[in-house]
Structure formats: C-alpha cells, structure tokens
Amino acid sequence: MIDETATMPAEQAAEKAQEKFYVRFTLPQRYLHAVLFTSFLGLAATGLPMRFSENALARAFASAVGGFGAILFFHKFCAIVLTLAFLYHLKDIAARAFVHKEKGLFWGPTSMVANWKDAKDLVGHIRWFLGLGPKPKFDRYAYWEKFDYWAVFWGMIVIGFSGYAMWFAPFFARFLPGWALNAVLVVHGEEALLAILFIFSIHFVNTHLRPGSFPMDMVIFTGKETAEEFEKKRTLEYQRLAAQGKLEARVGDKPVYWWVNFAKVVGTVAILIGLVLLVLTLIAYFGGG
C-alpha cells in the first residue's frame, strides 16, 4: 500500500499525519445506513419497472432478469430487509430514550426533531444565498438533514404499510373496505416515486454534490471527520463540546487508507446508480410510459 503522504512536502506531510479526526457516526449507525441505501436502491431498481411496466425499457429489463415475477420477488426481499432495518432503528431509539435515559434525544441541539432554530437557520440561509446576511452556524444536525431524516421516516410508514397491504391483501381485506385496498395501490406507487425523486436529487445534492462536500461526503462511510470539517460544518456543536471539555472524548483514529478508497468506490457506484435511475424515471414519467 502506498502512503498518501509520501508525495507531499515534508511540512504538509507532518501536518497531515498530526491531523485530528472526530467521530460523528458509530459503526452500527454506518452499517444501518449501508443496509438502508443498498435496500433502497434495490427497491427503486425493481419498483420502477413495475410502476412503468408498459415502458419498453422496463419490459426489456424484466425479460433480461426472468420476468416481472422475478422482479417482484427481489422487490419483496429488499422490502423485508429495509423493514428490519427500520425496526432496528426504532428499537435503538427506544433503548436510548427509555433504557439509557439519553438526554436531548427528542429536543435540544443534538436532536433530530426540528425546533425554532431550524426555522431561523432556513431563513438565514436564504438571506445568505441572496447576499443579505451572514451564513448561519449549524449544530449537530442542520435543518436540511432533519428534513431528509423525517422524509425517510414518513416514507417508511406510508410506503411500507401500503406495500404490505398489497402483499397481504386477503388479511387486510378483513378490516379494510375495498376502496382502501385500491387506494393503497395508488399511494404506494406515487409515494415511492416521490421518494425516489427526492433521494436521488434533493438528498444527493444536499449530502454529496453541494459545495464543501463535492464529489462525496465521506463521513457516513468512515464515521469520522477532520477537525477542520467539524469546526466549519458544525460550528455550534464544536464550540459547545469545547466549552464543556468534551471535545477530546470524540477524537478517533484516522480512517484506514484502504477503507477510504473502498468507500469512495461504493459511494460513487451508489450515486451513479441513483442518478441513472433518476434519469430513467423522468424519461418514463414524461414519456407517458
């Protein structure tokens, strides 16, 4: 393995070697995200051909993989995997809240729940875009990260329930009227389409393709970020931990070189697949397929 500091000037190499890294995401959180985006890509790749089954590309894809029956099988498999990941996440939240009594989980600067500061940050960000004010300083989670999280959370409930209602229609028909079962078919397809468009455009841009992160934000893969990234992107969290004397507790080892490269390959492939699916979705949708 080639040392990445070998080709650097001596002073820069020394500075690079002494660079601090801070832990942002734990290993279980990174594994959960890997399962989440892998199963979501699988659901998108199998759901779109069924949603646009009359499209020539969808029929060609179905023919290549063994028909729409095979596509439906893999779609259900990915749905089960994603459901288990969601249930694991709910279990983790419940354990942190009611067993470990974690403070600030549902409210405060480290919570994923939106608060008044997020509204002010949104307005402040718009003003900054227009050159009318300073750029707002963000805490552990910015307002768009919270929006991403709750969009996925809401989608899991709506898309998940409607999907299982179609899968186990005889069971749900015992207590749902016929029109409701027809409605879940529409809800599932349209909500899933909205989720695909959101993830492969808004989420990709917010997370990876925006200035400061382009071409990819590696923190979800490595779990760590440099001191410069931490202080610049999450200024208020950095300052709060420093004032509380808790900053050093977040220091972690430098990400392993081979893992960073592996993560770049995986992340690039995932983003490219998502962008291809986004383009195909738009073609099928506006093409009347």
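A: Start with accessibility: buried means under 20% relative accessible area, exposed means over 50%, and partly exposed is in between, with a 1.4 Å probe and protein chains only. By that scale D92, at 23% relative accessibility, counts as partly exposed. This is a predicted model, where local features need pLDDT of at least 70, side-chain atom pairs count only at pLDDT 80 or more, and totals for chains, interfaces and linings use all residues. Residues are numbered from 1 along each chain as its sequence is written, and side-chain values use heavy atoms, with hydrogens and water left out.

Q: What does the side chain of D92 meet in a salt bridge?
A: R96, at 3.7 Å from N to O. A salt bridge here is a side-chain nitrogen of Lys or Arg within 4 Å of a carboxyl oxygen of Asp or Glu. D92 and R96 both lie in helix α4 (residues 68-99), four residues apart, about one turn of the helix. Helices (H or I, at least four residues) and strands (E, at least two) are DSSP runs, numbered from the N terminus.

Q: And R96, buried or exposed or in between?
A: R96 is partly exposed, with a relative accessible area of 23%.

Q: How many salt bridges does the structure hold?
A: It holds 13. One of them joins E248 and K20, at 2.8 Å from N to O. That pair links distant parts of the chain, 228 residues apart: E248 is in the loop between α11 (235-244) and β3, and K20 is in the loop between α1 (10-17) and β1. K20 is partly exposed, with a relative accessible area of 36%.

Q: Which residue does K117 meet in a salt bridge?
A: D121, at 2.5 Å from N to O. K117 is partly exposed at 29%, whereas D121 counts as buried at 8%.

Q: Which residues are linked in a network of salt bridges?
A: R24, E145, E225 and R234.

Q: Switching to rings. How many aromatic pairs turn up in the whole structure?
A: The search finds 26. Rings of Phe, Tyr and Trp (its six-membered ring) pair if their centres lie within 6.5 Å; planes under 30 degrees apart count as stacked, over 60 as edge-to-face, and the rest as tilted. F161 and F172 are an edge-to-face pair, because their centres are 5.5 Å apart and their planes stand at 90°. This pair links distant parts of the chain, F161 in helix α6 (residues 143-167) and F172 in helix α7 (residues 169-172), 11 residues apart.

Q: Why is the pair of Y164 and W167 called stacked?
A: Their planes are at 10° and their centres 5.7 Å apart, so the pair is stacked. Both residues lie in helix α6, three residues apart, about one turn of the helix.

Q: Which residues do ring pairs link into a cluster?
A: F86, Y149, W150 and F153.

Q: Last topic, the sheet. What is the strand order?
A: It is an open sheet of three strands, ordered β2-β1-β3, with antiparallel pairing. Two strands pair if DSSP finds at least two bridges between them. β2 (224-226) and β3 (251-252) stand at the edges with a single partner strand each, so one side of each has no neighbour in the sheet.

Q: Which residue of β3 is the bridge partner of Y22?
A: V251. Two bridges join β1 (residues 21-23) to β3.
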